[in-house]
Structures are given as C-alpha cells and as structure tokens.
Amino acid sequence: MQSILVTGGCGFIGANFVRWMLGTDSSLRITNLDKLTYAGNLENLKEIENDPRYRFVRGDIADPAAVDQLIAEGRFHAVVNFAAESHVDRSILDSTPFITTNVMGTQVLLDACRRHRVPRYLQVSTDEVYGSLGDEGFFTEETPLAPNSPYSASKASADMLVRAAVHTFGFPAIITRCSNNYGPYQFPEKLIPLFISNALQGQSLPVYGQGTNVRDWIHVLDHCRGIEAALRQGQAGEVYNFGGESELRNIDLTKRLLKALGKPESLIRYVEDRPGHDQRYAIDCTKAKRELGWTPQYRFEDGLAETIAWYQNHADWIARVRSGAYRDYYESQYGGRLGADKTRA
Ligand code: NAD
Ligand code: TYD
C-alpha cells in the first residue's frame, strides 16, 4: 500500500487516522477528500498540511464527476471512506444530508472505485447499524441489522450497498463497525467533548432522559489501529467489529467527567430524552482479535484522563470551533493557493 485516498479526513476519526498512518508508515502517501461541512476542520491536520506525503482536496463524495476524476487520476491502492454526517441528533432534525452523503456518496465512491479498479475499499461503519441491546448480550458481525435512527439507517444502507458491490461484482470491500469513539479533535456536539467543554465553562450538562443508556467507549487510536489492521490484513467481503470493552451508563460517565474536572454535580441537567434513543450498545470483537490480531490497548481510565487533559490544553481549539472561527482557516490557508482547483466549493 503506497497511496491511499481517505475521505472525511478533516473530521474527528479521519484526522486521527491520517496522523496515525503518516506517523507509522513513512512510505505512505495520503490524499484527503473532504467537503468541509460544519464537522470538517482543517486545523485538525495543521501540523501535517505541508508534509509532502499529504494532499488535501476539497470535494464532495456525492459528486460523481469530481470523485471519478480524482480516483481516475489518483491510482490509489486503497480508499477508506470516513466521510459522513455522523450525529444522531442532527439526523432527527433533518435526515436529508445523511441520505445524500452517507448513502448516495457511498455509492458514488463504490462506482468510481470499481470503474478504476481500486484494489481495496474500506467502509467505516458503526455498531449503531445493529440497533439496540437490552441488559445482556453483545453485537457480533452476524447480528442482523436493525437501525433505529435516521443516522444509523443511512449507515446501514451504505453497508448494504457495499455488501451488494461485493456480492454482485466481486468488489474488494471490507466493512468495519465500531462503537463510540472518544479522544482529541472530536466536535463538541458528541457527549464527551460537549460535556467537557460545557463543564470547563461552568455551563450545564444536558443528560438525556435518566442517563441510564449505555455506550461502549473506545479510544479513537484503538479504532485507527483496527482500521489499519483491517486494511492491511482483512479479507475482502468481510465485516469486522471493534469495541473498547468499556461499557458505561451516561450518567456514570458524566459524574466521572465532572469529578476529573473538579466541577460540581449540580451542573447536571436532566433534559427530555432523545426520540427513539437506543438503550445499550456493546460489541463482541472476538473476530477482529482472532483474524486481525487486534485488541483495544487503551484502558478507559487512562484514555479518558488523557482526553480531558487534551481539551483542557486546547481551550483555543474549542473556542474556535464553538464560535465558528475555524471556518476562516480554509480561506487563510488555502484561499490563494488552490486557485482554479475544480474541487473547491
Ligand atoms: P465527523 O462528523 O467528525 O467528520 C465527518 C467528516 O466528513 C468531516 O470532515 C466532514 O467535513 C466530512 N464530510 C461530510 N460530508 C462529506 C461529503 N459529502 N464529502 C466529503 N466529506 C464529507 O465524523 P467522525 O466522528 O469522525 O466519524 C467518521 C466516520 O466514522 C463516519 O463514517 C461515522 O459514521 C463513523 N463512526 C463514527 C463513530 C464515532 O463515535 N464518532 C463510531 C463509529 C463509526
Ligand atoms: P452521542 O455522543 O451523540 O453518540 P451516539 O448517540 O452516537 O451514541 O451520545 C452518546 C450518548 O449520550 C447517547 O446515549 C446520547 C447521550 N447524550 C446525552 O445524554 N446528552 C447529550 O447532550 C448528548 C449529545 C448525548
């Protein structure tokens, strides 16, 4: 693998993945195709933007002409698709961009990769496609898909399109499904960065319902290592689950965050529950351990402490994201340089 196309590399997991891969493989070249939606932040890759092994292209995975041209010219050894609308609450308010990017964008990528014979494709999916668990049990790769939110339904639809490309055309695709990620550069709309940012400013923490919903938390770098392992060693046509083996009720996580930050529990506000709120996610990652030699390495306590410290030390990053100032960065950094680039919005 010498050259890969990463989509959505300016988002939380994509940016961590680009950094991780460039840090571990000196011979690798990465092109990052990102539309720069509200969740795409070029500052997440600031330190590597002048690395000769890295190239940023602004563009939309749902734009067939732009994607076709990039993949035709790129001669990529693999494509890793992170690009997505990723927040459940936004999908409840408006599902349209979720269908356009997550469903149609995935099909556009699959078609272009097939047309230009890209030898490996990895679809970054989520455990949310499996639906919700009760108190017992775990999702395995055999668990039937039963998505409950517009977000998870769009991700499950994408997974079905990938499956169809494998089955119908022998397309060499792999799907990975991961539990809830945490770590640096996560947009402060998801639970952990939102609650840390709010607590740091003395603002209340909105806990949905009674806070009894359970999520399995995985450090983003454990996820990145899993994607790398699947990319290098995974079997085409297979699905691999990744999880952190760290289940926690939201309210217990919230109290832990407040304690670590030295903030009072009086900041907790119980608010109206999310409609259709999945009760519990938990992952069985036996297959990834057995077939990829992967295992989550972070202890949740350590990963969380490290993550809290990162947000405490990046108050300026949080402030720029929250104020929207991060959007100016594109113009100041790339405005003059990209010139007539067709992929510019
Ligand atoms: P994110 O919202 O932080 O980032 C998404 C990125 O995709 C942004 O940079 C955005 O600009 C880009 N993007 C959006 N629409 C695009 C389009 N049409 N064309 C090109 N780029 C576009 O998301 P994330 O949390 O980093 O998640 C990345 C992937 O991992 C997603 O596919 C998500 O479904 C999946 N996933 C996330 C989690 C999690 O806990 N965050 C868990 C499992 C799987
Ligand atoms: P989130 O980070 O949105 O991830 P997902 O919905 O994909 O699991 O939410 C994690 C859990 O935290 C989920 O059970 C919903 C809950 N939650 C809150 O209680 N309050 C909030 O403000 C948010 C964003 C989430």
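A residue is taken to be near a molecule or strand if one of its heavy atoms lies within 4 Å of it. The model is predicted, so that local features need pLDDT of at least 70 and side-chain atom pairs count only at pLDDT 80 or more, whereas totals for chains, interfaces and linings use all residues. Residues are numbered from 1 along each chain as its sequence is written, chains are lettered from A and ligands numbered from 1 in the order in which they are written, and side-chain values use heavy atoms, with hydrogens and water left out.

**View 1. The shell of residues around ligand 1.** There are 28 residues around ligand 1, and those that come nearest are Ile 13, Asp 34, Ser 86, Tyr 151 and Lys 155. By class, this shell has 12 nonpolar, 12 polar and four charged residues, where Ala, Val, Leu, Ile, Met, Phe, Trp, Tyr, Cys and Pro count as nonpolar, Asp, Glu, Lys and Arg as charged, and the others, Gly among them, as polar.

View 2. Nitrogen atoms of ligand 1 are found 3.1 Å from a polar backbone atom of Lys 35 and 2.9 Å from a polar backbone atom of Ile 61, while an oxygen atom of ligand 1 is 3.5 Å from a polar backbone atom of Gly 40. Taken alone, ligand 1 exposes 840 Å², of which the protein buries 97%; accessible areas come from the Shrake-Rupley method with a 1.4 Å probe, and for residues only the protein chains shown count as cover. Two or more residues of the shell around ligand 1 are given by each of helix 1 (12-24), strand 5 (121-126), helix 5 (150-169) and strand 7 (180-182), with the largest share, three residues, coming from strand 5. Helices (H or I, at least four residues) and strands (E, at least two) are DSSP runs, numbered from the N terminus.

**View 3. The surroundings of ligand 2.** Ligand 2 is surrounded by 18 residues, the closest being Glu 128, Pro 206, Arg 215, Arg 274 and His 277, and by class the shell has eight nonpolar, five polar and five charged residues. Helix 6 (191-200) and strand 8 (205-208) each supply at least two residues of this shell. An oxygen atom of ligand 2 is 2.5 Å from an N or O atom in the side chain of Glu 128, a polar side-chain atom of Arg 274 lies 2.5 Å from an oxygen atom of ligand 2, and a polar backbone atom of Leu 191 is 2.9 Å from an oxygen atom of the ligand. On its own, ligand 2 has 510 Å² of accessible area, and the protein covers 97% of it.

View 4. Strand 2 (residues 29-34) pairs with strand 3 in the parallel sense over five bridges, and the bridge partner of Leu 33 in strand 3 is Val 57.

View 5. Strand 9 (residues 214-219) and strand 11 pair in the antiparallel sense over three bridges, and Val 214 stands opposite Arg 249 in strand 11.

Technical notes. Polar contact = N/O pair within 3.5 Å; in protein donor to acceptor, adjacent residues only side chain to side chain. Pairing = 2+ DSSP bridges.
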